[in-house]
Amino acid sequence: LVEARGKFSELSGELSKKSAEFLEVSGELSGVRRQLVKSEGKVLEYSGELNQAREAITQISQKLLKLSTDFEKTQKSETKAQKDLKQAQEALEMAQKSEKKTQNDLKETREALKMA
């Protein structure tokens, strides 16, 4: 009986020791779980920010594409306008030459009429 009580005390001491170790590990595990929950929250937060950044990038890309298209259209319009201007200048030069010739013809006709 004394031997059994001694063994019981020994086992009870080991059980207390193991129980203390279990509580210590359990506390550490709770800390790790809390840290994990915080980390998961941060991951969700960063994921949301990343999605917002992706949306912003998509919108910017679409705007750049539109600007590029508009720029190409503007360049084509400008090129056409330059051609039209050149044609108008050529037509003006021809009209000025024709006017000068008409003035010369008129002058010659007046002189011929004076002589007649």
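Helices are DSSP runs of H or I with at least four residues, numbered from the N terminus. In this predicted model, the secondary structure of the protein chain comes to one helix and zero strands. Helix α1 covers residues 2–115, and Ile-60 has its place there. The C-alpha trace spans about 165 × 15 × 10 Å along its principal axes, and buried residues make up 0% of the 116 residues in the chain.

**Overall shape and surface**

- The protein chain has a radius of gyration of 49 Å. A compact globule of 116 residues would have a value near 13 Å.
- The protein chain exposes about 11,200 Å². Carbon and sulfur atoms supply 60% of that area.
- A residue counts as buried under 20% relative accessible area, as exposed over 50%, and as partly exposed in between. By that cut-off, the buried share of the 116 residues is 0%.

**Distances along the helix**

- Ser-68 has its place in helix α1.
- Ile-57 and Gly-13 are 44 residues apart along the chain, and their C-alpha atoms are separated by 65 Å.
- Ile-57 is exposed because its relative accessible area is 54%.
- Met-115 has its place in helix α1 as well. From Met-115 to Gln-59 the separation is 56 residues in sequence and 82 Å in space, C-alpha to C-alpha.
- With 75% relative accessibility, Met-115 counts as exposed.

**Charges**

- The protein chain has 22 positive and 20 negative side chains. The centres of the two sets lie 5 Å apart.
- The count of salt bridges comes to four.

- Glu-21 and Lys-18 are three residues apart in helix α1, so about one helical turn separates them.
- Glu-21 has 36% relative accessibility and therefore counts as partly exposed.
- Lys-18, with a relative accessible area of 52%, is exposed.

- Asp-70 is partly exposed, because its relative accessible area is 28%.
- Lys-66 has a relative accessible area of 55% and is exposed.

- Because Asp-84 and Lys-80 are four residues apart in helix α1, they are separated by about one helical turn.
- The relative accessible area of Asp-84 is 37%, so Asp-84 is partly exposed.
- Lys-80 is exposed, with a relative accessible area of 51%.

**Nonpolar patch**

- Ile-60, Leu-64 and Leu-67 make a nonpolar surface patch of about 310 Å².
- Ile-60, one of the residues of this patch, is placed in helix α1.

Methods: Residues are numbered from 1 along each chain as its sequence is written. This is a predicted model: local features need pLDDT of at least 70, side-chain atom pairs count only at pLDDT 80 or more; totals for chains, interfaces and linings use all residues. Side-chain values use heavy atoms; hydrogens and water are left out. Patches are made of residues with over 30% relative accessible area and no salt bridge: like charges are joined within 9 Å, nonpolar side chains (Val, Leu, Ile, Met, Phe, Trp, Tyr) within 5 Å. Accessible areas come from the Shrake-Rupley method with a 1.4 Å probe; for residues, only the protein chains shown count as cover. A salt bridge is a side-chain nitrogen of Lys or Arg within 4 Å of a carboxyl oxygen of Asp or Glu. Helices (H or I, at least four residues) and strands (E, at least two) are DSSP runs, numbered from the N terminus. The radius of gyration is taken over C-alpha atoms; the globule rule is 2.2 Å times the number of residues to the power 0.38. Buried means under 20% relative accessible area, exposed over 50%, partly exposed in between (1.4 Å probe, protein chains only). Lys and Arg count as positive and Asp and Glu as negative; His and the chain ends are not counted. The place of a charge is taken as NZ of Lys, CZ of Arg, CG of Asp or CD of Glu.
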